[in-house]
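Here is a quick tour of one protein model, going from a single helix out to what surrounds it. Keep the structure open while you read.

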Amino acid sequence: MEDMIEEVEEMTEEKSSLWPWLIAGAAVGAAYVYFTQSESGKRITADAKEYFRTGTTRDDRLQMKVFSELSQILGPGKEIQVQVEKGSITLSGPILSEALEEVLVCARHIPGVKSVINNLEIRQQH
């Protein structure tokens, strides 16, 4: 009888040691599906690949694009600051009131821009 009890205890110990492996396997499977099948997972994976390939992120490239486009409108010496986070851009710095609307419209129409936060300081032309 003691032999049977020992066998059952050994079997119970073996089964309980499998749980961490089963949970880890399920977590790895879920992560694989997320990063390869879901749209947000595919975007994260593509962003990571791009970062390791070029050293820049999607936000870095968008910031350069917005800055370039707005610099063409404003002209030399009249640059504004552009910050980007997850496609949302924040514009700050001084700007002439006559250029404000054109700058905001331009910024909103640049591919990749999700929203524009206007922190620009409006100045009147003397």
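This is a predicted model: local features need pLDDT of at least 70, side-chain atom pairs count only at pLDDT 80 or more; totals for chains, interfaces and linings use all residues.

## Helix α5, end to end

At 1.5 Å a residue, its twelve residues should span 16 Å, and the end C-alpha atoms sit 18 Å apart, which agrees.

Which residues of α5 are buried? They are A99, L100, V103, L104, C106 and A107. Looking down the axis of α5, these buried residues fall within an arc of 165°, so they line one face of the helix.

## What the buried face meets

The buried residues of α5 pack against α4 (58-74), β2 (88-96) and β3 (115-123).

That brings us to the largest nonpolar core, which has 20 residues. Within this core, V66, L70, I89, L91, V103 and L120 are the ones with the most contacts. At least two core residues come from each of α4, β1 (81-85), β2, α5 and β3, and α5 gives the largest share, with six residues. As a general point, nonpolar side chains tend to be buried together in soluble globular proteins.

Now for the strands. They make an open sheet of three, in the order β1-β2-β3, with mixed pairing. β1 and β3 stand at the edges with a single partner strand each, so one side of each is left without a neighbour in the sheet. On average, neighbouring strands of this sheet are turned by 10° against each other, ignoring direction.

β1 and β2 pair in the antiparallel sense over five bridges, and Q81 has S92 in β2 as its bridge partner. Two helices pack on the sheet. α4 touches β1 and β2, and its direction makes about 150° with that of β1. α5 touches β2 and β3, with its direction at about 165° to that of β2.

## A stop at A46

Is A46 buried, partly exposed or exposed? Its relative accessibility is 39%, so A46 counts as partly exposed. F35 is eleven residues away along the chain, and the C-alpha atoms of A46 and F35 are separated by 9.7 Å.

Note on methods
Residues are numbered from 1 along each chain as its sequence is written. Side-chain values use heavy atoms; hydrogens and water are left out. Buried means under 20% relative accessible area, exposed over 50%, partly exposed in between (1.4 Å probe, protein chains only). Helices (H or I, at least four residues) and strands (E, at least two) are DSSP runs, numbered from the N terminus. The expected span of a helix is 1.5 Å times one less than its number of residues. The arc is that of the directions from the helix axis to the C-beta atoms. Contact means heavy atoms within 4.5 Å. A nonpolar core is a set of buried Ala, Val, Leu, Ile, Met, Phe, Trp, Tyr and Cys residues joined through side-chain atoms within 4.5 Å. Two strands pair if DSSP finds at least two bridges between them. Axes are lines fitted to C-alpha atoms, for helices over the stretch in contact, and angles run from 0 to 180 degrees between N-to-C directions.
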